[in-house]
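The following note sets out several points on the structure shown below.

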Amino acid sequence: MADSPLPQWFDGSSYTHKVAASIMKYGPIARITLAQILGLSQGAISRITSDLIYAGVVEETPMTADQTGRLPKGFTVKDSGERRGRPQTGLRIITDARTFVGIKLNASLASAVAVNAGGHIITGCHEQVIDDTSPEVVVRIISRLVTDCSSEAAMAGWPKPCAVGISIGGHVVNDSLVTFAPFMHWSQPVNLSRMVRAATGLPAGIYNDIDSLLVDACLFGSGVGLNSFAVLTIGVGVGYSLALNGELVNCPDKSYGLVGHIPVDPEGPRCVSGHKGCAQCLSDDSIVEEYSHAIGRVVTFDDFTRDAKANVPQATKLVNRTCFRLGTLVATIANIAMPEKIMIAGESSFIAKLGIDDLRNGINSYRHSQAAPVDFEIPDHDWALWAKAAASQAIRQYVG
């Protein structure tokens, strides 16, 4: 984390930070279980956790054998025979020791929440419309949102936020420098971290929004304990990110929307790059263009959404076609990356729920009959959860 713009919560070795991160993911957790997961001796775990308790990072809590948090998939605790029959003491992060502000930036809206160290939202969702996407105006909006979240958290008795996490659709270098943000129309690289710190006085980490969803799921959500987990999003664009053993798979080119040009339908529309039937047909603009052609007049995405939910025949037909295409993309990801679970998210993921049968048909059409069913989930869309995910990125780096 040498290049991170955020400070770390405490000093310590890499093992100390690894122990704290594991307690955050799996807690409440017994010391013996923690030692077995990390491959450390019980003596080493006892010394490290004593330091973390003294530093005010973790605390002890009474627990029974069935009270542990989610553990790594396939892991079973080896019975050492020690302390059998005695009540166990678990370890967990002190959730009220620190707070963070998470902000999700869209082209026209900024959403913000305050989050505690346990990844729980502790305020309402504060929003500001973005009429001007120039970096200076966006930073002023961010500053107001940080003030609003901080004030609400303080009124409820929470400590002042120690850091800000901001997620954005695009490419970010060293969690600081935004070099590509197509929806913000920035023509030059923007050191958003430096600008936000100057405006708010708080250290700020800047992250890709899809990566942030993935980190949040692997730290606090449905990806905890899985060996591999993927996020696929549909909306204004098409996005994808993958984690192995709870850690992001990083690649210099990963945040350029490459998954959006994977073929999903040989009869599909052409994208702006000239590809016929690529995954860009899952984006809002492409869906609107197809729907406008189908009904013979120009419509908006809101029009399509209304008609799809009202079961208008032309809209239903396009929903089903879109979901089959989405299923094809999900199958492609499952066949190549082989994640144990895929989260289908994004502001337009409701389409997947409307056409769930065609989604499954699309998946099955491109999977071997003897292959395991693809495990996927479709959470309800909420910008507050995207803002929380930005805070989770900051928490992850703060713990180290």
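1. K341 counts as buried, at 16% relative accessibility. Here buried means under 20% relative accessible area, exposed means over 50%, and partly exposed lies in between, with a 1.4 Å probe and protein chains only. K341 is part of strand β15. Leaving aside residues up to four places away in sequence, K341 touches S222, L226, S228, F229, A230, D375 and E377. A contact means heavy atoms within 4.5 Å.

2. Some remarks on the basis of this note are needed. This is a predicted model, in which local features need pLDDT of at least 70 and side-chain atom pairs count only at pLDDT 80 or more, while totals for chains, interfaces and linings use all residues. Residues are numbered from 1 along each chain as its sequence is written, and side-chain values use heavy atoms, with hydrogens and water left out.

3. The chain has twelve helices and 16 strands. Helices (H or I, at least four residues) and strands (E, at least two) are DSSP runs, numbered from the N terminus. Along its principal axes, the C-alpha trace spans about 70 × 55 × 35 Å. A compact globule of 400 residues would have a radius of gyration near 21 Å, and the chain agrees with this at 22 Å. That radius is taken over C-alpha atoms, and the globule rule is 2.2 Å times the number of residues to the power 0.38.

4. How much of the chain is buried? Of its 400 residues, 52% count as buried. The chain exposes about 18,300 Å², of which carbon and sulfur atoms supply 51%; accessible areas come from the Shrake-Rupley method with a 1.4 Å probe, and for residues only the protein chains shown count as cover. Among contacts between residues at least 6 apart in sequence, 66% join residues at least 24 apart.

5. Strand β15, which holds K341, belongs to an open sheet of five strands with mixed pairing, in the order β14-β13-β12-β15-β16. The edge strands are β14 (247-248) and β16 (376-377), each of which pairs on one side only. Two strands pair if DSSP finds at least two bridges between them. Strand β15 (residues 341-345) runs parallel to β16, and two bridges join them. The bridge partner of I342 in β16 is F376.

6. S349 is found in the loop between β15 and α10 (350-354). Is this residue, S349, buried or exposed? S349 is buried, with a relative accessible area of 2%. Not counting residues up to four places away in sequence, S349 touches I234, I344, I378 and P379.

7. Another open sheet has three strands in the order β8-β9-β10, with antiparallel pairing. Strands β8 (171-173) and β10 (190-191) stand at the edges with a single partner strand each, so one side of each is left without a neighbour in the sheet. Three bridges join β8 to the antiparallel strand β9 (residues 177-180). H171 stands opposite F180 in β9. Strands of a sheet pair through backbone hydrogen bonds, either parallel or antiparallel.

8. Strand β1 (residues 29-30) is joined by two bridges to strand β3 (residues 88-93), and the two run antiparallel. Strand β2 (residues 58-63) also pairs with β3 in the antiparallel sense, over six bridges. G90 in β3 is the bridge partner of A30 and also of T61.

9. Most residues other than glycine have a negative phi, and most peptide bonds are trans. Which residues does a cis peptide bond join? The bond joins G27 and P28, with omega of about 0°; P28 is placed in the loop between α1 (14-26) and β1. D175 is not a glycine, yet its phi is positive, at about 55°; D175 is located in the loop between β8 and β9. N311 is likewise not a glycine and has a positive phi of about 60°. The loop between α8 (301-309) and α9 (313-336) contains N311, which counts as exposed at 58% relative accessibility.
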